[in-house]
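I opened this notebook to record what I looked up in the structure. The entries go from the elements to the sheet and then to the overall dimensions.

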Amino acid sequence: DQLGHGAARLNDLSPLGILGRGYAVCYEHDRRTVVRSAAALASGDRVHILLHSGSAGCVVESVEVEGT
């Protein structure tokens, strides 16, 4: 029982498990640097989005920074 609980918890925390719940990871166009803030982006920037079942190259159309 304890082993099953631990395995489920690891799946909950794994990057693939998180992507499977509908989240995505946005990288700079180099596909190595994670974008951590909308303030780091500008209109026209190229980014790469990693999804659960694939990825997409995108161009930023607009940026909205919370609190501004």
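Entry 1, elements. I read the elements from the N terminus on and noted the order α-α-β-β-β. I note here that the model is predicted.

Entry 2, the sheet. I asked in which order the strands lie in the sheet. The three strands form an open sheet with the order β1-β2-β3, and the pairing is antiparallel. I then looked up the edge strands and found β1 (25-28) and β3 (54-59), each of which pairs on one side only. From one strand to the next, the twist averages 25°.

I looked up the radius of gyration of the protein and found 16 Å, whereas a compact globule of 68 residues would have a value near 11 Å. Along the principal axes, the C-alpha atoms fill a box of roughly 50 × 30 × 20 Å.

How much of the protein counts as buried? I recorded 12% of the 68 residues, with buried meaning under 20% relative accessible area. The accessible surface comes to about 5500 Å², and carbon and sulfur atoms account for 53% of this area.

Conventions:
Residues are numbered from 1 along each chain as its sequence is written. This is a predicted model: local features need pLDDT of at least 70, side-chain atom pairs count only at pLDDT 80 or more; totals for chains, interfaces and linings use all residues. Side-chain values use heavy atoms; hydrogens and water are left out. Two strands pair if DSSP finds at least two bridges between them. Helices (H or I, at least four residues) and strands (E, at least two) are DSSP runs, numbered from the N terminus. Axes are lines fitted to C-alpha atoms, for helices over the stretch in contact, and angles run from 0 to 180 degrees between N-to-C directions. The radius of gyration is taken over C-alpha atoms; the globule rule is 2.2 Å times the number of residues to the power 0.38. Buried means under 20% relative accessible area, exposed over 50%, partly exposed in between (1.4 Å probe, protein chains only). Accessible areas come from the Shrake-Rupley method with a 1.4 Å probe; for residues, only the protein chains shown count as cover.
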